[in-house]
Amino acid sequence: MGKRVAVVGYGQTYQRSSRKDVNGVELINEAVRVALADAELTIKDIDAIVIGNMDHFEGINYVDMWSAEGSGAVMKPVMKVTTGGTTGTSVAMCAYYHVASGMFDKVLAIGWEKNSESDTTGAIITAFHPVWERPNLGGAVAGLAIEASKYMHDYGATEKDGARVAVRERLHALNNPYAHLHQEWMKGIPPDQLVDLIVGSEQNQLLAYPLRMSDMCPRTDGAAAVIFAVEGKAEKIAPIPAWVQATANRHNFVYAGDVDMARNTTIAEASQAVFRKAGIKEPLKQIDVCELYLPYSYAGLKWIEDIGFCGYGEGPRLLWDGVTDMDGEMPINPSGGVMSSNAIGATALIRVGEGALQVMGRAGARQVNRKVNLAFCSGFGGCYWADIMLLGRKKPA
Amino acid sequence: MAKARRKARNVVYAGRIKVPYAWSVGATGSRFLTALRDDQEIWGVKCPKCKRVYVYPIKNCGECFVPTEQWVKVANVGTLESFTVVHYKHDMQPRKRPLIYGLVKLDGTDGALLHLIGGVEPAKIKLGMRMKAVFARQRAGSILDIQHFAPA
Ligand SMILES: [Zn+2]
């Protein structure tokens, strides 16, 4: 089982479309400094570092090496983890394992990206198989569009249902000063009216049917850092540590055509594994808040069904009933989520950091209106990979 | 001294790296591509344990973790499981926009192929449609030897 481990500190940069005032190392350093200050620690207190991004977005390999002076890794054990969109949660899981193993007491997890430094679509294509996929498929948007198209067909979901997810994310982002997209014009307009405005807008460019610009995440520059500490130290560092209750990940086939597009089987299995470990029988009732890696709108309908918050095809109803809004039964993405900020290597780690803030009760204007006993955080990447980390107020059994 | 204090514009340095990669397809994939090019036939591999038929061929069944070994000729026709019509522009798109991608499940196979759809107006596409492989006239031993899938 390993030692009990908690998140004790979190820092992030402001997520912005382009940070030309800093290079990658300097961007990483900003997040690390904020996280250390948050935990009232110095770099000397950190025993090891895990760092990750997606090399091909910046075209620089070995971030573990060249960022050492910014990450704080000089003369420390450092390990790089890169798993695509899931990088941030994989970095968190790896840092957790470092501490749970008993070999390190305090480990710093870092995720970052400067998406402004390359062509995001072009770089994502380098993750596709060169022989079987690249000649006849260009980019991530089309793959997600195929999933959305199938979900609409199978369950009768509409473009308005998709837009309802986008509206929730962008409204929540207005409470988060760190979010990249702040659509101030949305303030004070009811969600159903916003949905009509978005779906009816001629400026809302159709990218790949059924996905419009409003259905997609932005491309962002940003970094995040999360500090994990072992039981015995964690309670001394943080007034309310966010304890790791359980974590799990699942991978699937390599070729896009072989992914089960009908359901998201990886997030389903990873979620079930986490629920089993944490003894959760009724996820919707027992979990207080979610920070989910939803890269596009329809994921916010289908994948919440796969996690087990409702039955197949019932996602839209949950959305329209307001269950996942800030004042709903189980708010999803108080931060504004991935559709409001997507510095890819940082994105999934931000889910963990934001989940921890909710447990600690320190999320400011985006804090949900209740005591958070359990926060469910997820990562998504590659050809349907899923990472889950469940954080909570009580020490795990 | 005044110059040193001057606010400098943030400099952006453009890279020049062009790496000419060349990827080994492997014997299993080469056999598939050769049949596509020379015979206009689609072949899959069958897992001896779970009996799944894989197209494109994979040497090992990931589910069972055993070698697939047995080759089976599969149909050129299948069913459209999903699709999208792409309107955005990107240099990596294999065709001029608007272009259509579809998920085609060939008869007798497990999984599907994510490939181009042609010979049909976007408005006329329906999920569940029967689709057939249309082979390129000039074939070079690549997956684009299937030019696209069209309604059967
Ligand atoms: Zn098998």
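A residue counts as buried when its relative accessible area is under 20%, and as exposed when that area is over 50%, with partly exposed in between. The model described here is predicted. By this definition Trp132(A) is buried, and Phe32(B) is buried too.

These two residues form an aromatic pair of the edge-to-face kind, with 5.4 Å centre to centre and 75° between the planes. The pair crosses between chains: Trp132(A) lies in the loop between helix 6 (120–125) and helix 7 (140–155) of chain A, while Phe32(B) belongs to helix 2 (residues 26–39) of chain B. Both rings are part of one aromatic cluster, together with Tyr255(A) and Tyr56(B). Over all chains, the whole structure holds 17 aromatic pairs.

Another of the aromatic pairs is formed by Tyr21(B) and Trp23(B), which are stacked at 5.8 Å centre to centre with 10° between the planes. Tyr21(B) is exposed because its relative accessible area is 59%, and Trp23(B) is partly exposed because its value is 44%.

Aromatic rings in chain A also take part in arrangements with arginine. The charged end of Arg263(A) sits over the ring of Tyr312(A), 3.8 Å from its centre. Likewise, Arg164(A) places its charged end over the ring of Trp320(A), at 5.8 Å from the ring centre.

Apart from neighbours within four places in sequence, Asp55(A) is in contact with Ile60(A), Asn61(A) and Lys80(A).

Technical notes. Residues numbered from 1 in each chain as written. Chains lettered and ligands numbered in written order. Predicted model: local features only at pLDDT ≥ 70, side-chain atom pairs only at ≥ 80, totals over all residues. Heavy atoms only, no water. Contact = heavy atoms within 4.5 Å. Phe/Tyr/Trp six-rings, centres within 6.5 Å; stacked < 30°, edge-to-face > 60°. Helix = DSSP H or I, 4+ residues; strand = E, 2+ residues; numbered from the N terminus. Buried < 20%, exposed > 50% of the residue type's maximum accessible area, 1.4 Å probe, protein only. Lys NZ or Arg CZ within 6 Å of the ring centre and 35° of its normal.
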